[in-house]
Amino acid sequence: MAVTNLCSLVNIWFFNVITSFTAVAVLVTLVNSPTVNAAVLTSDQADVLYHSYEGGGMKIDGPAILLRKKASESLAVSAYYYVDTISSASVDVLSTASPYTEERQELQLGLEYLHDKTIMAVNIRQSDEDDYLANSFNVNVSHDTFGDLTNLNLGLAVSDNEIKRNGDELFLETSRQYRVSAGISQILTRNLSINVDVEGVADEGYLNNPYRTVRYLDANIPAGFGYQAEIYPNTRNSFSTKFSASYYLPYRAALFFHYRYFSDSWEIHANDVEFNYRHPIAKVVELEFKVRYYQQTQANFYNDLFPYKDAQNYLARDKELSDFDDLTIGIGVTYLIPAKYNVSDWRSELSLQWDHITFNYNNFKDATADVAVGDEPLYEFSTDVIRAFFSVYF
Amino acid sequence: MIKEPLHKTSRRCAIYLGCTALLLTFSGCAQLSIKPWVKPYERQNLADPIMQSNRHAIANMHVAHVYEARESSRGSEGGGGGGCGCN
């Protein structure tokens, strides 16, 4: 029964992806027209960033570096290095374990090749932490067409993951992820362009968080409840569609909008909508304001408190799989360093961005509260995310 | 064989109809020989650096990673992913 149901969902997912690909492929054929060459590789650039995330009992920070360099007019290479230093005493950790610290490092290497109006890009990536190793490879092709009013892109990515559990030398699980994406970007007027992007993601293997547990009622335990390990399905298929628009305002400012709809085979449905406003001041400062709202429904095997042990074949109490919403308010400022202070005429900028995110959970309760089981308040928390970075264009 | 829920069937039909309409629209465009209506010399506003949504790529990669670690949604973002950092 469950297998048949899964097959049905996989069929729907494949149908969505194949339909999208067919649409994009036919559009390439139909609207292709000979015009001037406009596709170019992004200019040479180096960025150094410090990031910080603090809230909900977690502190994550570290540096990141991004470097892009053109080897010729048709070939560019890029490298990205990122570090997360994590110190966690989140509500999930405090309810069943002790606070911990760990580090995650990520490295990406990329290659872009421009041929006429087509850019082909390959990228390899590794993310490494004590208990999780992810290796991925992705290929993207984008093509300008219809007088360069239209850009079409297709992408494919595969990721292999190894999951371990600290303190348990014998624990080793694996998972694999496939991503297929397609997008179309269209200039509509001299001030307005829009994008439609779709992406299908298929996971197989061990998809749990090996540390997390679910709660269940048990009158034989003094606390009135016990914990058991989460059990997730071994597959997950999802599909997302995003519509975005960029609009140039007459007094030289920019307005960005996006809406995304997401659904998956675990019956999670999510929506997010975002507005961004970018406003330059006196040619040396750019201000940016952001508002984003996100909402999702819960996975069909999620429960905050199960009625008894082994209540279902799949069990989850991961708050990221619960019914919740979050709101982001963000502000950013970029200082365009005057030419007289630049080295070798290289244009440079200093930027600072701050996001404040508030999470409200609708059926995930704070198990650390000192009240009777089931009477705990709904959990909520807020976090501050800061990015400070220096960019050089050379 | 499990019968597909009604809302999924409706969604499937809507996608079929939407794709068909899209293809017919663009087929029509091709047959009517619609020319690009915004000329290259009219695109200076769109080419302005403040209009680049990915102007700060390194910052956008971090934003995508933060959301993907805290939310179930994934995809159509062009970035993110990677490891956990989620407990």
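The quantity pLDDT is the predictor's confidence in each residue, on a scale from 0 to 100. I begin there since the structure under discussion is a predicted model, in which local features need pLDDT of at least 70, side-chain atom pairs count only at pLDDT 80 or more, and totals for chains, interfaces and linings use all residues. Residues are numbered from 1 along each chain as its sequence is written, while chains are lettered from A and ligands numbered from 1 in the order in which they are written.

For chain A the mean pLDDT is 90, and 90% of its residues reach 70 or more. Two stretches depart from this picture. In residues 1-15 of chain A the pLDDT is below 50, and the model gives this stretch 15 contacts beyond near neighbours in sequence; a contact requires that the C-beta atoms of two residues, placed from the backbone, lie within 7 Å. Residues 17-37 of chain A likewise stay under 50 in pLDDT, with 39 contacts beyond four places in sequence. Where pLDDT is low, the predicted coordinates should not be read in detail.

Let me turn to the overall architecture. Chain A has 2 helices and 18 strands, where helices (H or I, at least four residues) and strands (E, at least two) are DSSP runs numbered from the N terminus. The radius of gyration of chain A is 24 Å, close to the 21 Å that the globule rule gives for 394 residues, so chain A is as compact as a globular protein of that length. That radius is taken over C-alpha atoms, and the rule is 2.2 Å times the number of residues to the power 0.38. Along the principal axes, the C-alpha atoms of chain A fill a box of roughly 75 × 50 × 40 Å. Among contacts in chain A between residues at least 6 apart in sequence, 58% join residues at least 24 apart.

Buried residues account for 31% of the 394 residues in chain A. Here a residue is buried if 20 or more other C-beta atoms lie within 10 Å of its own, exposed if 12 or fewer, and partly exposed in between, with C-beta atoms placed from the backbone.

Next, the strand pairing. Strands β2 (residues 58-72) and β3 (residues 75-88) of chain A run antiparallel and are joined by 12 bridges; two strands pair if DSSP finds at least two bridges between them. These two strands, β2(A) and β3(A), form a hairpin with 2 residues between them, and Ser72(A) stands opposite Leu75(A) in β3(A). Strand β3(A) also pairs in the antiparallel sense with β4 (residues 100-115) of chain A, over 14 bridges. In that pairing, Ser88(A) is opposite Tyr100(A) in β4(A).

Phe146(A) counts as buried because 24 C-beta neighbours lie inside 10 Å. Another is Asp345(A), at about 60°, in the loop between β16 (324-336) and β17 (347-365) of chain A. Asp345(A) is exposed, with 7 other C-beta atoms within 10 Å.

A further loop residue is Asn313(A), between β15 (285-296) and β16 of chain A. With 9 C-beta neighbours inside 10 Å, Asn313(A) counts as exposed. Its C-alpha atom is separated by 8.7 Å from that of Tyr232(A), 81 residues apart along the chain.

Finally, chain B. Its secondary structure comes to 3 helices and 0 strands, running α-α-α from the N terminus on. Of its 87 residues, 28% count as buried.
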